[in-house]
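This report describes how one protein chain is folded. Please look at the sequence and the structure before reading on.

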Amino acid sequence: MHRCPGLQGHPPRGSAPASGAFASTFEDERDRPLDWFKELITQSRIFGAVLAPGLVGVVGLRSNADAKLRHKAMIWGMYVRHEARQHGIGERLIDAAVAYASSHVEQLQLAVVTENEAARRLYAKAAFIEYGHQINALKHGERYYDDILMVKFLGA
Ligand SMILES: CC(C)(COP(=O)(O)OP(=O)(O)OC[C@H]1O[C@@H](n2cnc3c(N)ncnc32)[C@H](O)[C@@H]1OP(=O)(O)O)[C@@H](O)C(=O)NCCC(=O)NCCS
């Protein structure tokens, strides 16, 4: 329920300089079967920020069951509602994800569209470092978006 307004408000990642969010679209997710969400949630640890009367932010942490990939986890679905932004909630969500990940994996990875300045600064502040640049990572209509790949080594 929380993710739908996020996807509607940020259709393609980087569609506007100060927005940019997700690889999937509202239309993609609206049509997915419930089992798809069940699998995503089962493979993830999801952190939420609650400000009365409800949820204002979420971030997901997805791990991989494969033996050679088990030392890494991926951040997905980072989202703070408009009205709650720039009050430190995104930072606290990332801190919670990092704290949990620190005792489970060795590194946390994420991808963020190049134009998404707010998110890039948030991750840089949390000491994620850039390790790659994926050209034309996303295509929405006729427009392409590049991703910056970031990692935080946790020393677990
Ligand atoms: C990116 C996002 C999660 C930030 O959440 P937030 O709660 O507003 O972030 P915080 O208030 O915790 O800010 C932490 C840091 O992020 C950076 N930041 C956050 N918003 C920013 C903005 N609008 N412009 C520049 N830097 C910004 C700053 O470095 C800030 O630290 P500072 O206040 O000490 O300067 C939020 O803007 C959002 O949900 N955006 C749409 C979805 C999205 O882009 N998700 C990321 C997908 S990769």
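The sections below go from the overall layout to the sheet, the core, the ligand shell and some backbone details.

## Overall layout

The model is predicted. The chain contains five helices and six strands.

Buried residues account for 25% of the 156 residues in the chain. Among contacts between residues at least 6 apart in sequence, 55% join residues at least 24 apart.

## The sheet

The six strands form an open sheet with mixed pairing, in the order β1-β2-β3-β4-β6-β5. Its edge strands are β1 (44-51) and β5 (129-140), each of which pairs on one side only. From one strand to the next, the twist averages 25°. As a general point, strands of a sheet pair through backbone hydrogen bonds, and the pairing is either parallel or antiparallel.

Strand β6 (residues 143-153) is antiparallel to β5, and eight bridges join the two. In this pairing, L138 stands opposite Y145 in β6, and E130 stands opposite M150. β5 and β6 form a hairpin with two residues between them. G141, in the turn, has a positive phi of about 65°.

β6 also pairs with β4, again in the antiparallel sense, over seven bridges. Here V112 has I148 in β6 as its bridge partner.

## A helix across the sheet

Which strands does α4 lie across? They are β1, β2 (54-63), β3, β4 (107-113) and β6. The helix α4 runs at about 35° to β2.

In soluble globular proteins, nonpolar side chains tend to be buried together. In this chain, the largest nonpolar core has 24 residues, and those with the most contacts inside it are I75, A97 and V112. The elements giving two or more residues to this core are β2, β3, α4, β4, α5 and β6. The largest share, five residues, comes from β3.

Contacts of single residues show how the parts meet. Not counting residues up to four places away in sequence, I75 touches V59, L61, A97, L108 and L110. One of these, L110, is in strand β4. Is L110 buried or exposed? A residue counts as buried if 20 or more other C-beta atoms lie within 10 Å of its own. L110 is buried because it has 22 other C-beta atoms within 10 Å.

L110 and Y123 are 13 residues apart in sequence, and their C-alpha atoms are 9.1 Å apart in space.

## Around the ligand

The ligand is surrounded by 21 residues, of which the closest are R85, G90, E91, A118 and L122. The elements that give two or more residues to this shell are β3 (72-80), α4 (89-102) and α5 (117-125). The largest share of the shell, six residues, comes from α5.

What classes of residue make up the shell around the ligand? There are nine nonpolar, seven polar and five charged residues.

## Backbone details

A cis peptide bond joins A52 and P53, with omega about 10°. P53 lies in the loop between β1 and β2.

Q86 and N136 each have a positive phi although neither is glycine. For Q86, in the loop between β3 and α4, phi is near 60°. For N136, in strand β5, phi is near 50°.

Why do Q86 and N136 count as exposed? Q86 is exposed because it has 8 other C-beta atoms within 10 Å. N136 has 10 C-beta neighbours inside 10 Å, so N136 counts as exposed too.

Methods. Residues numbered from 1 in each chain as written. Predicted model: local features only at pLDDT ≥ 70, side-chain atom pairs only at ≥ 80, totals over all residues. Near = placed C-beta within 6 Å. Helix = DSSP H or I, 4+ residues; strand = E, 2+ residues; numbered from the N terminus. Nonpolar A, V, L, I, M, F, W, Y, C, P; charged D, E, K, R; others polar. Pairing = 2+ DSSP bridges. Axes fitted to C-alpha atoms, helices over the stretch in contact; angles between N-to-C directions. Contact = placed C-beta atoms within 7 Å. Core = buried A, V, L, I, M, F, W, Y, C linked by C-beta atoms within 7 Å. Buried ≥ 20, exposed ≤ 12 C-beta atoms within 10 Å, placed from the backbone.
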